[in-house]
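Dear colleague,

Please find below the structure that I am handing over to you.

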Amino acid sequence: MNKKNLELITKLRHELHKHPELSCQETWTKAHLMEFLKEHTKLEIKDMGAWFYAVYRCGKEGAKVLGFRADFDALPIGETCQVSYVSETAGQGHKCGHDGHSSMLAGLALELDQNGADCDVILIFQHGEEIGAGGLECSQVIEKEHMEQVYAFHNLTGYPEGSVDLYYGACQPASVGFTILFEGKTSHASQPQNGKNPAVAIAEIILYMNELLKEEHKGIVLATLVHTEIGTKNFGISAGSGEVSMTLRAFYGEEMDELQKKLCERAEELAEREGLTVRFEETDRFPDTVNDEKCLDLVKSCAEKLGKQVVVMSDPFYASEDFGYYLKKCPGAMIYLGNGEAYAALHTTEYDFNDHLLEAGVDLDLEIIREASKAPSVR
């Protein structure tokens, strides 16, 4: 990519890093990105409220329409990085690299504006990825703009720096934060028979959760206990309420849904047996992210043409990603770029996006656009 453009997006990345904003609170981030594109390009900007997208039109009748998506929210994690652009917001930081993802997409906008392309290109700047909220909303642009393919990048520690890392099939799992809340009746601790204590129901649902994981599944299925609470630490009171929270995760969304359904049914049985009421809460729901094989083949070919090291991953990435909503509407791929084998892990205080990936990502985007414009449709 053009070196001046690289300087611009590196500076942009550092500015974003200094001003992290949590999911669905990214007002400054969104405004700053929009202002950058308005100042440095002539692309059409579509303000969609919490998010926006930019449009490059090649002006050719019947041209393909490709989409590229980047997220821009941060995490409630402070940082220990010794950098000049350290986060100015205590307890918040770009600890997943979304500042880099969005700066990379801004770099693609610069290159398209200056050099053109043989496709129409939709550049999606998305909010709320970390809680699974943004992808469902933003993926609606696929139908609106008649996209034929859609791509996204994520940086990934544990792989060679600058490598293009690809996983065929379900590359990231569906997941949901799931809580079961039992309500009974308190009593004096010396007379538990006069109350309705949920402790046994909670103990049994935890054991049942582990039994469900032993069943045969099509893909990897996980249930991770994250919190449980029964009553209060008062030794004169038998608990009258309690809850248990878990993260459910599966590489095939239907298997996660089935796991959740069985837990609900068992909780209702236990509540009836123990004389309790039960209700359920969920948060941070993500779909499964399943790559299209032909799109991955295209990415692999483009990366090899650029002389990039390509790693076909033997294992998927276990973190969830709401890019799966896009891939349910349109063929595409989640592409990983290696941070380095020993680079700081994502979601840690010492992590900072690797600036060396900015140019690599933009160059690969441009090559994908060039090759996709010549290739038959993957639909």
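Predicted model: local features only at pLDDT ≥ 70, side-chain atom pairs only at ≥ 80, totals over all residues.

An open sheet is formed by 4 strands in the order S10-S12-S8-S13, with antiparallel pairing. Its edge strands are S10 (221-230) and S13 (277-286), each of which pairs on one side only. On average, neighbouring strands of this sheet are turned by 15° against each other, direction ignored.

Within this sheet, strand S8 (residues 174-183) is joined to S13 by 8 bridges, and the two run antiparallel. Thr179 stands opposite Glu281 of S13. Helix H6 (residues 199-212) lies across S8, S10 and strand S12 (241-250), and H6 runs at about 165° to S10.

**Strand S3 and its partner**

Strand S3 (residues 65-71) is largely enclosed by the rest of the structure, because 7 of its 7 residues are buried. Val65, Gly67, Arg69 and Asp71 point one way from the strand, while Leu66, Phe68 and Ala70 point the other way; residues of both groups are buried. S3 is joined by 7 bridges to strand S4 (residues 120-126), and these two strands run parallel.

**Helix H3**

Helix H3 (residues 98-115) consists of 18 residues. From its first C-alpha to its last, H3 reaches 26 Å, close to the 26 Å expected at 1.5 Å a residue. Of its 18 residues, 16 are buried, so H3 is largely enclosed by the rest of the structure. Gly116 follows the helix and has a positive phi, near 75°.

**The packing of H3 against H10**

H3 packs against helix H10 (residues 356-374) at an angle of about 50°, and their axes are 9 Å apart. H3 passes H10 in a right-handed crossing. On the H3 side, the contact is made by Gly100, Ser103, Met104, Gly107, Leu108, Glu111 and Leu112. On the H10 side, Leu357, Leu358, Gly361, Val362, Asp365, Leu366 and Ile369 take part. An α-helix has 3.6 residues a turn, so residues three or four places apart point the same way.

With kind regards

Notes
Residues numbered from 1 in each chain as written. Heavy atoms only, no water. Expected span 1.5 Å × (residues − 1). Buried < 20%, exposed > 50% of the residue type's maximum accessible area, 1.4 Å probe, protein only. Pairing = 2+ DSSP bridges. Axes fitted to C-alpha atoms, helices over the stretch in contact; angles between N-to-C directions. Contact = heavy atoms within 4.5 Å. Left-handed = near helix turned anticlockwise from the far one by under 90°.
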